[in-house]
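Student: Hi, could you walk me through this one? I'm new to reading structures.

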Amino acid sequence: MSIDVRTEKENQPMIETLALSKRFGPTVALHEVDLKVYGGQIIGLIGENGSGKSTISSIIAGMLPATSGSMRYKGEPHAPRTMIEAGDVGIGMIVQEQGYVAGISIARNIFLGVEKKFRKVGFISRKAMNREAGGILQSIGLGEIDPGMLIDDLNIQDRC
Ligand SMILES: Nc1ncnc2c1ncn2[C@@H]1O[C@H](COP(=O)(O)OP(=O)(O)OP(=O)(O)O)[C@@H](O)[C@H]1O
Ligand SMILES: [Mg+2]
């Protein structure tokens with residue numbers, strides 16, 4: 001399969017996959033896919049369930065390794081081993097699925113994994129955590145939201 005959507009101005013793709021293949025055991029999720037995306041484009045991958053849209057996006061974003069084939073980003077080889085490596089060159093993936101932990105506060109969700117930052121004499125200072133989370137919410141225009149509230153009580157669009 002080959003997909004090439006280009007504008008006249010740009011001849012070097014921003015991101016390119018070359019004969020990219022991915023197998024999950026006996027399942028061939030991607031078979032030698034050549035995808036080219038040029039700077040300034042917004043493209044949509046449309047295909048039936050299981051056609052490989054998430055798989056190719058995940059490989060580009062470093063969440064999954066390819067089975068074979070290669071990628072180039074701005075003309076350079078692109079083979080991220082982790083999402084962090086992909087993020088370092090400016091590639092990220094925003095997923096539709098819920099990316100939070102239910103049953104805990106907004107502040108605790110923001111600081112998941114880095115709670116020790118707020119440790120005081122062996123305890124996590126909720127007050128300090130809520131204060132810092134409040135500042136973050138403020139900076140993204142959600143200053144009216146109480147960071148101490150259960151994330152489950154937030155409406156869906158604010159949760160995302
Ligand atoms: N982690 C996995 N383990 C095994 N098989 C997988 C895995 N992820 C995807 N697959 C298989 O790879 C193929 C492509 O799946 P993929 O999720 O990329 O499709 P999709 O186009 O994103 O589908 P949808 O429209 O449902 O999101 C499917 O056959 C799927 O079952
Ligand atoms: Mg998908």
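Predicted model: local features only at pLDDT ≥ 70, side-chain atom pairs only at ≥ 80, totals over all residues.

Student: OK, what is the mean pLDDT of the chain?

Tutor: The mean is 90, and 95% of the residues reach 70 or more. pLDDT is the predictor's confidence in each residue, from 0 to 100.

Student: Where is confidence lowest, and where is it highest?

Tutor: Strand E1 (residues 2–5) has the lowest, at a mean of 70, and E4 has the highest, at 98. Those labels are DSSP runs numbered from the N terminus: helices are H or I with at least four residues, strands are E with at least two.

Student: Is Ser 2, then, buried or exposed?

Tutor: Ser 2, which sits in strand E1, is exposed because it has 9 other C-beta atoms within 10 Å. The cut-offs are 20 or more other C-beta atoms within 10 Å for buried, 12 or fewer for exposed, and partly exposed in between, with C-beta atoms placed from the backbone.

Student: Switching topic: which residues are around ligand 1?

Tutor: The list is Phe 24, Thr 27, Ala 29, Gly 47, Asn 49, Gly 50, Ser 51, Gly 52, Lys 53, Ser 54 and Thr 55. A residue counts there if its C-beta atom, placed from the backbone, lies within 6 Å of the molecule.

Student: Which elements give two or more residues to that shell?

Tutor: Strand E3 (27–37) and helix H1 (53–60) do. H1 gives the most, with three residues.

Student: And how many are nonpolar, polar or charged?

Tutor: Two are nonpolar, eight polar and one charged. Here Ala, Val, Leu, Ile, Met, Phe, Trp, Tyr, Cys and Pro count as nonpolar, Asp, Glu, Lys and Arg as charged, and the others, Gly among them, as polar.

Student: Which residues are in the largest nonpolar core?

Tutor: It has ten residues: Leu 20, Ala 29, Leu 30, Val 33, Leu 35, Ile 56, Ile 59, Ile 60, Ala 66 and Met 71. A core here is a set of buried Ala, Val, Leu, Ile, Met, Phe, Trp, Tyr and Cys residues joined through C-beta atoms within 7 Å. A second, separate core of seven residues includes Ala 107, Phe 118, Ala 133 and Ile 151.

Student: Why would they group like that?

Tutor: In soluble globular proteins, nonpolar side chains tend to be buried together.

Student: Back to H1: which of its residues are buried?

Tutor: Thr 55, Ile 56, Ser 58, Ile 59 and Ile 60 are. The buried residues of H1 pack against strand E2 (15–24), E3 and strand E4 (68–73); contact means C-beta atoms, placed from the backbone, within 7 Å. Just after H1, Gly 62 takes a positive phi of about 80°.

Student: What does Tyr 73 touch?

Tutor: Leaving out residues up to four places away in sequence, Tyr 73 touches Ile 15, His 78, Val 89 and Ile 91. Tyr 73 is in strand E4 and is partly exposed, with 18 other C-beta atoms within 10 Å. The C-alpha atoms of Tyr 73 and Pro 13, 60 residues apart along the chain, are separated by 7.6 Å.

Student: Last one: which domains does the chain have?

Tutor: The assignment, which is automatic or from a database, gives domain 1 (2–88) and domain 2 (106–159). Their C-alpha centres lie 35 Å apart.

Methods. Residues numbered from 1 in each chain as written. Chains lettered and ligands numbered in written order. Contact = placed C-beta atoms within 7 Å.
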